[in-house]
Amino acid sequence: MRAVYPGSFDPVTYGHLDIIGRAAHLTDELIIGVLKNNAKSPLFSLEERVRMLEEVTKDYHNVKVEAFEGLLVDFAKRRKADVVIRGLRAVTDFESELQMAQTNHKLAESVETIFLTTGLEYSYLSSTIVKEVAAFGGDISQFVPKMVEQKIQEKMDERRRV
Ligand code: PNS
């Protein structure tokens, strides 16, 4: 089974890594699809987000990281993926995730979505929360890998200098 795990990953957190580890175990090949989203203004560039993901997933032999633009279903079809993987942290994620999965299924019947429930220890965690804590000088070491923590600190230092 080949799967796509899509997201913004701005930046990757331990919550994402929890899903990546479990999805990599379930599938033969896992492609992490990093969205190039012109509408949002991310903290990290597309290249930075891809590079951080490559670094923190380098020990998985069946995981690769790719950027994509446009519709997720088109990316999934181009990569001949059988499924899209999404993580569900809490019931609050469910409504929008259901809508997305159903829309994707309408757009491309061959694309199925599989939901994995995020481990309880990460159910509160999001990239937005991590950025917020870091912006106010809080400790984010329990939320993201060391190299991501360093990259966020660099960004915050740059911002303080401007
Ligand atoms: O990490 P995120 O921001 O929750 O990921 C959202 C993502 C990238 C999965 C979603 O925005 C997406 O698939 N965007 C691509 C555009 C698309 O296909 N939209 C239709 C799906 S409703």
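Predicted model: local features only at pLDDT ≥ 70, side-chain atom pairs only at ≥ 80, totals over all residues.
**Exercise 1. Find polar atoms of the protein that lie within 3.5 Å of ligand oxygen atoms.**

Step 1. Start with Ser 8. A polar atom of its side chain is 2.6 Å from a ligand oxygen.
Step 2. Go to Leu 72. Here a backbone N or O atom is placed 2.8 Å from an oxygen atom of the ligand.
Step 3. Turn to Arg 86. Its side chain has a polar atom 3.0 Å from a ligand oxygen.
Step 4. On its own the ligand has 550 Å² of accessible area, and the protein covers 71% of that.

**Exercise 2. Where does the ligand sit, and which elements build that place?**

Step 1. Locate the ligand. The space it takes is the largest pocket.
Step 2. Look at the shell around the ligand. Strand 1 (2-7) and helix 4 each give two or more residues to this shell.
Step 3. Find its centre. The lining holds 40 residues, and Pro 6, Gly 7, Ser 8, Lys 40 and Arg 86 lie nearest the centre.
Step 4. Name the elements. Strand 1, helix 1 (14-26), helix 3 (72-78), strand 4, helix 4 and helix 5 (127-135) each bring at least two lining residues.
Step 5. Pick out the main supplier. Helix 4 gives the largest share, 8 residues.
Step 6. Sort the lining. It divides into 15 nonpolar, 17 polar and 8 charged residues.

**Exercise 3. How many cavities of 30 Å³ or more does the structure hold, and what lines the largest?**

Step 1. Count them. There is 1 such cavity.
Step 2. State the volume of the largest cavity, about 30 Å³.
Step 3. Read off its lining: Leu 72, Val 84, Arg 86, Glu 97, Met 100, Ala 101, Asn 104 and Thr 113.
Step 4. Assign elements. The largest share, 4 residues, is from helix 4.
Step 5. Sort by class. The cavity lining has 4 nonpolar, 2 polar and 2 charged residues.
Step 6. Compare the lists. Leu 72, Arg 86, Met 100 and Asn 104 line the cavity, and these residues are also among those around the ligand.

Key. Residues numbered from 1 in each chain as written. Heavy atoms only, no water. 1 Å grid on protein atoms, 1.4 Å probe; cavity = no way out; pocket = protein on both sides within 12 Å on 5 of 7 lines; lining within 4 Å. Points joined across faces, edges and corners; volume = space filled by probe spheres on them. Nonpolar A, V, L, I, M, F, W, Y, C, P; charged D, E, K, R; others polar. Near = heavy atom within 4 Å. Polar contact = N/O pair within 3.5 Å; in protein donor to acceptor, adjacent residues only side chain to side chain. Areas by Shrake-Rupley, 256 points an atom, 1.4 Å probe, with all protein chains shown as cover. Sits in = over half its atoms within 2 Å of the grid points.
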